[in-house]
Amino acid sequence: MKTLRRRDLLRFGSAGLLAWPLLSSTRSSAQAASAKKRFVTMFSSSGARQDIFWPNGSTGDFASGKYSVDGTSLEPLKPYLADVIIPKGMRIDRGGGDSHDAGSVSILTGFPLKTQDINQKPFASGPSLDQLLASKIGGQTPEPYLLQGVRLQVNRISKFISYDAGGYPVDYIQDPYTVYQRIIQNHVPNCAGGSTTNASIDLMRFKRRSILDLALAETGAMKNAVGMDAFEQQKLERMSDAIRSIEKRLDGSTVMQVSSTAHCDAVQSELAPPQIADTDDDFPKLLKLHLDLMVLAFELDITRIATISLSLGGTGGAPMHWLSWTDANGNSQPIEASHHNVSHGPERGIADYMPKLRVIDRWNFGQFAYLVGQLKSISDGAGTLLDNTVAWYATDVGRGDVHDDNNVPLIVAGRGGGALKTGRYLDLSGANHTCFLLSFLHLMGFPDVASFGASGSSARGPVLL
């Protein structure tokens with residue numbers, strides 16, 4: 001067996017270990033039929049073009065016909081408006097510092113940025129909501145959480161939105177094929193085709209426990225090593241705790257054996273050769289595969305907490321060549337820049353940036369609409385995955401050009417197991433986004449939590465109930 005090096009373990013950290021292939025628990029048919037709440041965050045930086053984002057008409061219930069999204073950048077969500085909440089007037093309580101760095105840290109933690117130096121971790125003062133929920137309900141599933149990213153190529157603070165209990169950033173799995181192997185193939189061999197024998201299950205269990213035993217031994221040796229600073233010692237302690245937690249979940253468990261589903265078969269087709277290249281031009285294909293894998297993990301109850309990031313603020317990002325805009329002469333031309341650069345327009349040398357932003361915004365919200373549609377298409381107990389999910393689209397600023405922290409374009413979908421009334425356009429003017437996060441905590445089954453994030457920031461209380 002390959003020896004794990006010190007730098008390998010330090011690179012993974014406790015969060016990385018939790019993303020290792022784990023052994024899954026057998027679930028009874030009665031458990032599978034019951035409602036299991038899921039929580040999803042889809043993040044994309046740089047806000048939205050405000051003049052075409054908000055619905056036409058007045059706030060109220062969708063069923064009353066008071067508003068529509070015709071002609072807006074939310075038009076891709078039109079088929080799902082009865083399943084969606086559009087909150088107007090929300091602000092990000094992000095504190096000072098670089099807007100993109102601070103917004104990315106705050107969006108799920110509710111805390112301001114602690115440092116502007118990427119070499120001085122931790123960046124946050126507490127855990128992000130996804131990691132907090134994973135610590136509370138993640139033990140009910142083989143994987144506590146799923147954290148995915150697409151083409152996040154620059155290492156800066158704004159890259160990270162997920163944070164552990166110590167405020168340290170949790171890194172993404174950016175390769176969808178790795179997501180498949182770790183989250184699907186290692187838990188549900190049947191989904192990969194072929195049969196699963198008792199011998200192969202025993203071998204899988206032996207390999208996974210061997211990896212954990214080796215990792216725990218290595219961390220123990222490292223903690224006694226000479227020359228380790230306090231930061232490395234703390235990181236090793238967190239890693240050891242994570243390994244012990246995983247070992248407890250391995251005891252008495254077996255590999256899931258389920259029948260192949262239509263969605264599983266569809267994902268298999270996407271994974272068939274040739275492999276999707278990890279390039280900017282293949283961004284849409286990579287993202288679709290990531291989203292389909294996320295939904296499949298929900299369907300098979302491998303995880304109930306998922307976070308995915310499409311971009312990071314304050315830097316270029318993927319040029320959106322796959323999108324086209326129409327110039328003044330009626331000619332269709334590809335967009336040759338990233339969302340971030342286009343949002344800054346002339347400041348970044350981008351001509352005709354407003355019509356380009358219209359196309360980009362519609363595409364971004366179209367990806368959220370795709371996720372909503374996939375969740376809605378799959379039965380789950382008495383309803384659908386969407387019925388038992390709280391999913392939201394998040395961003396770091398209101399407007400990309402001026403980095404405004406007001407009127408942030410956030411969207412919520414799903415009914416949280418019947419706890420949330422959807423089909424609403426709400427005026428929540430002046431509410432901090434930490435009130436949003438507090439609402440999510442309540443909806444996910446923790447109504448006794450009185451506040452979230454920085455002290456006093458969520459004093460208004462939950463705003464979605």
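Asp380 is buried, at 7% relative accessibility, where buried means under 20% relative accessible area, exposed over 50% and partly exposed in between, with a 1.4 Å probe and protein chains only. Please note that this is a predicted model, in which local features need pLDDT of at least 70, side-chain atom pairs count only at pLDDT 80 or more, and totals for chains, interfaces and linings use all residues. Residues are numbered from 1 along each chain as its sequence is written, and side-chain values use heavy atoms, with hydrogens and water left out.

Which residue does Asp380 meet in a salt bridge? The partner is Arg38, at 2.7 Å from N to O; a salt bridge is a side-chain nitrogen of Lys or Arg within 4 Å of a carboxyl oxygen of Asp or Glu. Arg38 lies in strand S1 (residues 38–43) and Asp380 in strand S10 (residues 379–380), so this pair ties together parts that are 342 residues apart in sequence. Helices (H or I, at least four residues) and strands (E, at least two) are DSSP runs, numbered from the N terminus. Arg38 is also buried, with a relative accessible area of 1%.

I turn now to Lys288. Its side chain meets that of Glu270 in a salt bridge of 3.4 Å, N to O. Glu270 belongs to helix H8 (residues 262–271) and Lys288 to helix H9 (residues 283–299), 18 residues apart. Glu270 is buried at 19%, whereas Lys288 is partly exposed at 35%. Lys288 also forms a salt bridge with Asp292, with the closest N and O atoms 2.9 Å apart. Asp292 is buried, at 2% relative accessibility.

Finally, the structure holds 19 salt bridges, and a network of them links Asp83, Lys376, Asp387 and Arg415.
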